[in-house]
Amino acid sequence: MTIERNIARMTWPEVRDLDKTEAALVLPLGSLEQHGPHLTVDTDLYFSDRFLDLALERLPDAVKVYRLPILPISKSNEHAGFPGSFWLSAATLTAVVQDIAASALASGFRRLVLWNCHGGNRALLEVLARDVRAKTGLMVFQLFPSAIARDPLEVTEAEAAFGIHAGDWETSVMLALSPDRVRQDRVEAAFPDFTARHLSLEFKGATVAWLTRDFQPTGTWGDATVATAERGRVRVEAVLQRLADVLPEVAAFEFPDLRPSPGAGS
Ligand SMILES: [Zn+2]
């Protein structure tokens with residue numbers, strides 16, 4: 001019997017009595033958005049929830065990492081126009097995460113981890129995490145699968161450059177974790193039809209603010225036809241290993257005590 005790590009299944013005195021000195025509270029963020037014709041719209045939220053639970057199972061009981069329920073809808077308006085995509089605006093998501101952070105602080109937590117499985121949230125979360133740190137003193141972390149764990153498998157040049165959504169990685173991982181969510185008869189390879197004049201934009205340093213429908217009418221960016229459950233299992237393992245390494249470090253993290261004194265005479 002391992003320890004309970006889900007805040008939702010505790011009573012308030014149990015949450016109060018957790019030793020939070022070296023502890024982290026994880027807010028998993030998913031998104032509800034189109035994932036091509038072959039993956040269900042809950043792909044990112046399912047990954048966020050499931051990866052987190054699988055990683056938490058691996059932690060020794062002495063490591064105090066707890067989780068909140070998934071925040072299932074986030075900043076995914078790049079998929080606007082594809083039915084089944086639901087999003088919060090940047091302002092709303094910022095306010096929601098700030099309020100959850102304030103609640104975490106009020107519950108006595110000192111560290112908040114944003115375990116985010118939707119790429120479209122990353123830039124916003126980085127900005128708001130720093131604001132939360134400045135306003136509340138909470139230590140705030142953002143973890144994203146491909147940022148913490150490099151893809152251990154070989155992929156084609158096109159996949160490496162443009163395979164960002166519903167391609168080999170996500171389809172393989174879903175085949176490994178929840179094959180019922182994959183419509184095998186609809187898998188496809190679809191890459192943006194960049195002409196030469198586009199090639200230095202977005203993926204080569206200069207950026208253009210795109211919406212998926214600007215480039216990809218079916219919603220897929222990548223090659224899902226090469227996806228297999230076996231490729232997925234290797235990738236799941238890579239993420240879980242890294243997550244299980246990183247979470248204990250986060251739970252024990254402290255900044256050095258270097259804060260300047262606010263004024264003379266202290
Ligand atoms: Zn996704």
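A: Begin with helix axes: an axis is a line fitted to C-alpha atoms, for helices over the stretch in contact, and angles run from 0 to 180 degrees between N-to-C directions. Helices here are DSSP runs (H or I, at least four residues), numbered from the N terminus. The model is predicted, so local features need pLDDT of at least 70 and side-chain atom pairs pLDDT 80 or more, while totals for chains, interfaces and linings use all residues. Residues are numbered from 1 along each chain as its sequence is written, and side-chain values use heavy atoms, without hydrogens and water.

Q: At what angle do α7 and α9 pack?

A: Helix α7 (residues 168-177) crosses helix α9 (residues 229-252) at about 95 degrees, with the axes 7 Å apart. That makes the two roughly perpendicular (65 to 115 degrees).

Q: Which residues of α7 meet α9?

A: Contact means heavy atoms within 4.5 Å. From α7, the residues are D168, W169, S172, V173, L175, A176 and L177. R231 and V236 are among their partners in α9.

Q: How many aromatic pairs does a search of the whole structure find?

A: Rings of Phe, Tyr and Trp (its six-membered ring) pair if their centres lie within 6.5 Å; planes under 30 degrees apart are stacked, over 60 edge-to-face, the rest tilted. The search finds 9 pairs. W210 and W221 have ring centres 4.7 Å apart and planes at 45 degrees, so this pair is tilted. W169 also belongs to an aromatic cluster with Y46, F47 and F51.

Q: Is W221 buried or exposed?

A: Buried means under 20% relative accessible area, exposed over 50%, partly exposed in between (1.4 Å probe, protein chains only). W221, at 0%, counts as buried.

Notes. Parallel < 35°, antiparallel > 145°, perpendicular 65-115°, else oblique.
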